[in-house]
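Subject: Structure handover

Hello,

Here is the structure I promised to pass on. My notes follow below it.

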Amino acid sequence: MNYQWIDKFRAYPKFHALLQRAFSSEIFKRILRGSFWNAILNFFSKGVSFIGTVVIIRLIGKEAYGEFGMLNSTIAMFGMFTTFSISQTATKHIAEFRDLNRPKAGRIIGLSFLFSATLGMFIFLIVQLTAGLIAHNSLEAPHLEGSLRLMATGMLFGSLNGAQYGVINGLEAFKENSFLGIFLGIMLTILKIALTYWFGFFGAVLGMTIEPFITYLATFYLIRKLLKRSHLKILFRGALKEYRVLFNYSLPSLLSGMLIFPTNWYTMSLLATNKAGGYDDLADFNVANQWFNVLIFITYILVSSFLPIFADLWTKKQFYKVNRIVKNASLAILAIFIPISLIFLVFGESIAKIYGVEYTGVGILIFVSVFTLIPQSLCIVLNNVLVASGRLWTSLSVFAAWSVTFIAFTFLLLSYSSMGLVIARLIAFVLYLVILFSVYRSYYRKSSLQAQTI
């Protein structure tokens, strides 16, 4: 690629030297490629999805949206940790072996697909068996039982999608994934709005059920093309030989998911069943949380290519390069999210009005939710180092501390309704960051000293 445009900045010697040093680094260019294409994907798909959500909120009303958000959270509790566990495993090991040992990479892909299908079916059956109990006792909304069973079908395909996205990220096929994601984001958002318009609340549920199934079919088509281009094959025969991968990586990731998503669900259920406000308060929280979920894509854009790169550098014992990336990424996160948080502090109430007059007073909730992105984003960067270095059991321990903190402070602050919940989450992420940073510093110093003695 031609970088002659850099010479236009010769009048600014320091900036010119910085650009030359950055674009002469192969690692920087890999990060830039991954971040660029993920930025394109998230800008369009998340933006379209955000608009679609606003339309759906207006179509079904406040209380129904509170119930809809609780359904999504419940399904996420059961389904997302399956996606989380296998996706990271596939990404790390395919990035590590795609060139060095293609048969091994093929077996890991096969194992990933088998594991995600088995685990997804197991969780699907659990939801079908317990849907009545959850709807009646946990959600205190018996009429949601049928919707919960229906959405569990989509959760099954979501589990399979986790393995597929792990393969895509491991191959660093960010460009192809971006084009596919943009197309799917637009088409599926239109479909979900249409179904909600025609069938109301049931249409919204049906749209969320169909979405992962269509995504699975389109992503599988892309996977086949990528594997052919990379001269890789999905090898089911001999896949169980790689069982250690499941224990060392998938199992701790799975257990982490079993802490993260149930914690989010449980704290939301406490708010939903709180006699003071119930599902109205949950609707307020869901509006604030929507901005949290929309803006976190900035962090994921930044770190999208970190895991395969960190895995590569850690294997080569180039720890100083890992630390340099961590420092620069942390500075970038602060430079991005501090101004964004200030914008929401000033204009949060005006932003809340786009949802309707029922959401007056939610602006401060949105601000606190957005500000929480600062400690969470820093945690995502540091946790990628732990995953890349194979320390997933340590990562699990830190997640446990986050979970306990979040639940404990939710109980303490529940009298403040939705505001108590967003503050409890902020406190939990701050403590999580402090512990994670201490662990990272310890491992980094130890690994650097070991490398120097070799």
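Is G61 buried, partly exposed or exposed? G61 counts as partly exposed, because its relative accessibility is 26%. (Buried means under 20% relative accessible area, exposed over 50%, and partly exposed in between, with a 1.4 Å probe and protein chains only.) G61 sits in the loop between α2 (26-60) and α3 (62-97). Helices here are DSSP runs of H or I with at least four residues, numbered from the N terminus. G61 and E358 are 297 residues apart in sequence, yet their C-alpha atoms are 9.6 Å apart in space.

Some background. This is a predicted model, where local features need pLDDT of at least 70, side-chain atom pairs count only at pLDDT 80 or more, and totals for chains, interfaces and linings use all residues. Residues are numbered from 1 along each chain as its sequence is written, and side-chain values use heavy atoms, leaving out hydrogens and water.

Now the salt bridges. The structure holds three. (A salt bridge is a side-chain nitrogen of Lys or Arg within 4 Å of a carboxyl oxygen of Asp or Glu.)

- E145 pairs with R149, with the closest N and O atoms 2.8 Å apart. These two are four residues apart in helix α5 (residues 145-170), so about one helical turn separates them. E145 is partly exposed at 21% relative accessibility, and R149 is partly exposed at 28%.
- R229 meets E176 at 2.6 Å, N to O. This pair links distant parts of the chain: R229 is in helix α7 (residues 201-229) and E176 in helix α6, 53 residues apart. E176 is partly exposed, at 24%.
- E211 meets K192 at 3.4 Å, N to O. E211 lies in α7 and K192 in α6, so the pair ties together parts 19 residues apart in sequence. E211 is partly exposed at 23%, whereas K192 is buried at 11%.

Helix α6 (residues 174-199) has 26 residues. Its first and last C-alpha atoms are 36 Å apart, close to the expected 38 Å. (The expected span is 1.5 Å times one less than the number of residues.) G200 follows α6, and its phi is positive, near 65°.

Last, T410. It is found in helix α14 (residues 392-413). T410 counts as buried, because its relative accessibility is 1%. Leaving aside residues up to four places away in sequence, T410 touches T267, L270, L421 and A424. (Contact means heavy atoms within 4.5 Å.)

Best wishes
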